[in-house]
Amino acid sequence: MGVRELRVVVTAEDYEAALRFYRDVLGMGELADFSSEEGRVRLLDGGRATLEIIDARQAEFIDRVEVGRRVAPHIRLAFEVADTVRVTGELVAAGAEVVAEPTRTPWGSLNARLQGAAGVQLTLFEELGSA
């Protein structure tokens, strides 16, 4: 399958406190700030993975884009893959349930939402580049 990145996405009720804890106290370097009028999001360097801290408004926006309604739990796992459509099919064949089919996002990726093993919600994303 070839997962390229594991991204743990945390929706934080207290966004500033979570950002301070992981970035400033734990020392996870800030890789990017994708905040917009839709909500706040910072991508933190987790070494071999990233921790994405988003606020509730951003979680609602992402769910609206990817799924059409609010569905994500407090934590979901996001995996960057080379081919979202193919990997979605492989995971469904292995028992995952599709929450939303692959959808092109405004931020230039092809994302699918699945309910994976052990009840964990997953996002598969393929970076497409500029629209």
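Strands E7 and E8 form a hairpin, with 5 residues between them. In that turn, Ala-118 has a positive phi of about 60°. Strands here are DSSP runs of E with at least two residues, helices are runs of H or I with at least four, and both are numbered from the N terminus. Keep in mind that this is a predicted model, where local features need pLDDT of at least 70, side-chain atom pairs count only at pLDDT 80 or more, and totals for chains, interfaces and linings use all residues. Residues are numbered from 1 along each chain as its sequence is written, and side-chain values use heavy atoms, with hydrogens and water left out.

**Around the hairpin**
- E7 and E8 pair in the antiparallel sense over 7 bridges (two strands pair if DSSP finds at least two bridges between them).
- Gln-115 has Gln-121 in E8 as its bridge partner.
- On another side of the story, E8 pairs with E5 in the parallel sense over 4 bridges, and Leu-77 has Leu-122 in E8 as its bridge partner.
- E8 is mostly covered, with 6 of its 7 residues buried (buried is under 20% relative accessible area, exposed is over 50%, and partly exposed is in between, using a 1.4 Å probe and protein chains only).

**The whole sheet**
- The 8 strands make an open sheet in the order E2-E3-E4-E1-E5-E8-E7-E6, with mixed pairing.
- Strand E2 (30-33) and strand E6 (97-104) are the edge strands, each pairing on one side only.
- E3 (residues 41-45) and E4 (residues 49-54) pair in the antiparallel sense over 5 bridges, and Leu-43 stands opposite Glu-52 in E4.

**Helices on the sheet**
- Helix H1 (residues 15-25) lies across E2, E3 and E4, running at about 15° to E3.
- For such angles, axes are lines fitted to C-alpha atoms (for helices, over the stretch in contact), and values run from 0 to 180 degrees between N-to-C directions.
- Helix H2 (residues 56-66) packs on the sheet too, and its direction makes about 105° with that of E4.

**A buried arginine**
- Arg-76 sits in strand E5, and it's buried yet has no salt bridge (a side-chain nitrogen of Lys or Arg within 4 Å of a carboxyl oxygen of Asp or Glu).
- Its nearest side chain of opposite charge, Glu-66, is 4.7 Å away (Lys and Arg count as positive, Asp and Glu as negative, while His and the chain ends are not counted).

Technical notes:
Contact = heavy atoms within 4.5 Å.
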